[in-house]
Each structure stands twice: as structure tokens, then as C-alpha cells.
Amino acid sequence: MKIHFWGVRGSIPTPLTPQQIQSKILATVQRITVADLQNSETRAKFVSSLPSWIFGTAGGNTACVELIHNNTDIILDAGTGLRVLGKSKKCPQKYHLFLSHFHWDHINGFPFFDHAFNPNLEIQIYSHFKDAKTYFYNQMIEPYSPPSVAPSITKKIFFNTLQENKEFFIDDIKVNSHKMRHPGDSYSFSFEIDGKKFVYATDIELKSTDFSSKTDGQEVFKDADVIVIDSQYTVEEVYRKENWGHSAFCYVIDFAIFWNIKKIYLFHHEPAYDDRKLDSILQAARWYAQYIGHSDIQIEIARESLEVEL
């Protein structure tokens, strides 16, 4: 399986501001020395040594993750990252699009998805909501979109209503799902093949009761190799925003340990957090895992354009 991140933000798209770019430039200038400027080799070495929050960015597009195995192309949520996907690769014959829920930051990339306007493309859409078709098309009608959008997209769009905790197969990939705590509900998905399990778990509000002896959700979460999981808030912020439907990184780590998950990608980043803040959250998350005696668990930040082989 190949996992590609096209959009990793939560709630609303968050492009870099001029002030944030200036801060990155200033931080670079403050670190540079005369020796770093001697030749192309020293300059390249200096640039490669910069912290990731200076040298790059987590990105500002909302949720969209692609999962590819052989000729099976699966898209997880249709946030604004979907627009980038459509401009970055050739259109295949078929997509399988899973929607965790229908909040706008998870569907608002679709009207700008170039591939959707290819009449030969087939899109199989999977969700747990019986009114999914209505929800999905409503954003493409007037006055929310120009009148030409809805009639122009491929007619080969088919909707599949899923049942929680009932596994099925897409080609050779076993798929399962579980309902999470989130206003209006949201669903996590697991994908298994060749002894590997990948979990996509966005928009979830974890609480201490999620780490009991219950077996609820074990088919989705237990022994996963990789989980992409909502960790939008710091601990301090999650207490102020109770019932908003998102989690703090420490709860995410506790959750992963409970289910014996090997690697975490922190996801659905708070739009108010810049790259430096996200880097500090990553470091705090790694420190927390070490503090509780689980330094073996791997923790990374989900970043746009990052590709993971599983």
C-alpha cells in the first residue's frame, strides 16, 4: 500500500500568510554563517540542516488522503487537498471515495477536482449516511456553485451505504469502519492487505472511557501498522473545546498504545497553528510517549505531499 497526503488541515483551508513566510526567512537568516555561504555545497548542506518548520510546511489544504494498491485507487475524504490531487496526476479509470462525514472541510474540494469532469471516470462513493447523495450534490447547486458545475461532472458516480463494523472487500483489500465521537457523527476506516493494516481516523474526540477493556472497534483499530488520526488540539485547548469533536495528541498516543498501533501520523491540524507550533506539538508528543514508557511508538506529523509505503 502507498499512502499519499494531499490535505492535512482541519476545519478550513489555511494558506501560509505573508507574516509566516517572513518569519521563516528571518529564522533562516538568523541561523546562517559566512561558512555556510562559501559554495553551492555548503549552501545546500545549510538548507538541508534547517528544521522542517522552516524549510517546508505541513500545508494548508483540508483533509484528503490517497491510498493506492496495485490498480486500486482509494481517496479518503474530499477536502481541498483533492484539488491538488487532480492537478498532480493522470486520471485513472476509477476511484473509490470514502467520506468520513459531510462537514464542508471534508467535501469542499470536489467541485474543484479536475478528474470529476472526465465523463469516462467512474467514482464509487462510500459513506454511512443514507442521505449521502443529497448532501454530496447540494454543494454543487446554485447558489453554492455556478450552475454549470453539477451538470458537467461525470455521470458515473455511484453511492454505497456502509454498515458500521461490517467488513467488505474492494478488490483484495479488506475494509471495515467504526463510528466515532463527533458532532453529527464521523466514521473511521481500516484497510488491510498482505498482512498490513492502515487506519484513517479523522474528526474524533477521544476521552478516557475509550481506553477501557471494551472490544468495541477492535476490528478496525487493533494491531494497525499505521494510523492517521485527528490530533487537532493541545491538552489545554481540548479542555476549552469539549464536545467540539477533536482530540489532543496525548489522548491519541494513549489510544494507539491501547490498540497496539505501531505508527501515528498526527492529522487534521488546527488552522490557527503555524508550522512552528505543529513542530512543537510533534516534539511534545514524542516526549509524552517516552515519558509513559512507549518510546517504541513512531510519531510523525502529516504533511502535504508526504508519501508513505506500507
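In this predicted model, the elements that cover the buried residues of helix H9 include helices H7, H8 and H10 together with strands E11, E12 and E13. The table gives the residue range of each of these elements.

| Covering element | Residues |
|---|---|
| Helix H7 | 218–221 |
| Strand E11 | 226–230 |
| Helix H8 | 235–240 |
| Strand E12 | 263–267 |
| Helix H10 | 275–291 |
| Strand E13 | 298–301 |

Helix H9 itself spans residues 249–258 and is mostly covered, with seven of its 10 residues buried. These buried residues are Phe-249, Cys-250, Tyr-251, Val-252, Ile-253, Phe-255 and Ala-256. Just after H9, Asn-260 adopts a positive phi of about 60 degrees.

The largest nonpolar core comprises 51 residues, and Phe-5, Phe-98, Phe-110, Phe-191 and Phe-198 have the most contacts inside it. Strand E9, residues 186–193, gives the most to this core, contributing four residues. Apart from this core lies another, of 35 residues, which includes Cys-250 and Ala-256 as well as Ile-281 and Ile-297. In soluble globular proteins, nonpolar side chains tend to be buried together.

Leaving aside residues up to four places away in sequence, Phe-191 touches several residues, among them Met-1, Leu-67, Phe-98, Val-175 and Phe-198.

Ser-177 is located in strand E8, residues 173–180. Ser-177 counts as buried because its relative accessibility is 2%, the limit for burial being under 20%. The side chains of Ser-177 and His-128 are joined by a polar contact of 2.7 Å. Beyond four places in sequence, the residues touched by Ser-177 also include Gln-163, Glu-164, Asn-165, Ser-188, Phe-189 and Val-220.

Note on methods. Residues are numbered from 1 along each chain as its sequence is written. This is a predicted model: local features need pLDDT of at least 70, side-chain atom pairs count only at pLDDT 80 or more; totals for chains, interfaces and linings use all residues. Side-chain values use heavy atoms; hydrogens and water are left out. Buried means under 20% relative accessible area, exposed over 50%, partly exposed in between (1.4 Å probe, protein chains only). Helices (H or I, at least four residues) and strands (E, at least two) are DSSP runs, numbered from the N terminus. Contact means heavy atoms within 4.5 Å. A polar contact is a pair of N or O atoms within 3.5 Å; within protein, one must be able to donate a hydrogen and the other to accept it, and residues adjacent in sequence count only if both atoms are side-chain atoms. A nonpolar core is a set of buried Ala, Val, Leu, Ile, Met, Phe, Trp, Tyr and Cys residues joined through side-chain atoms within 4.5 Å.
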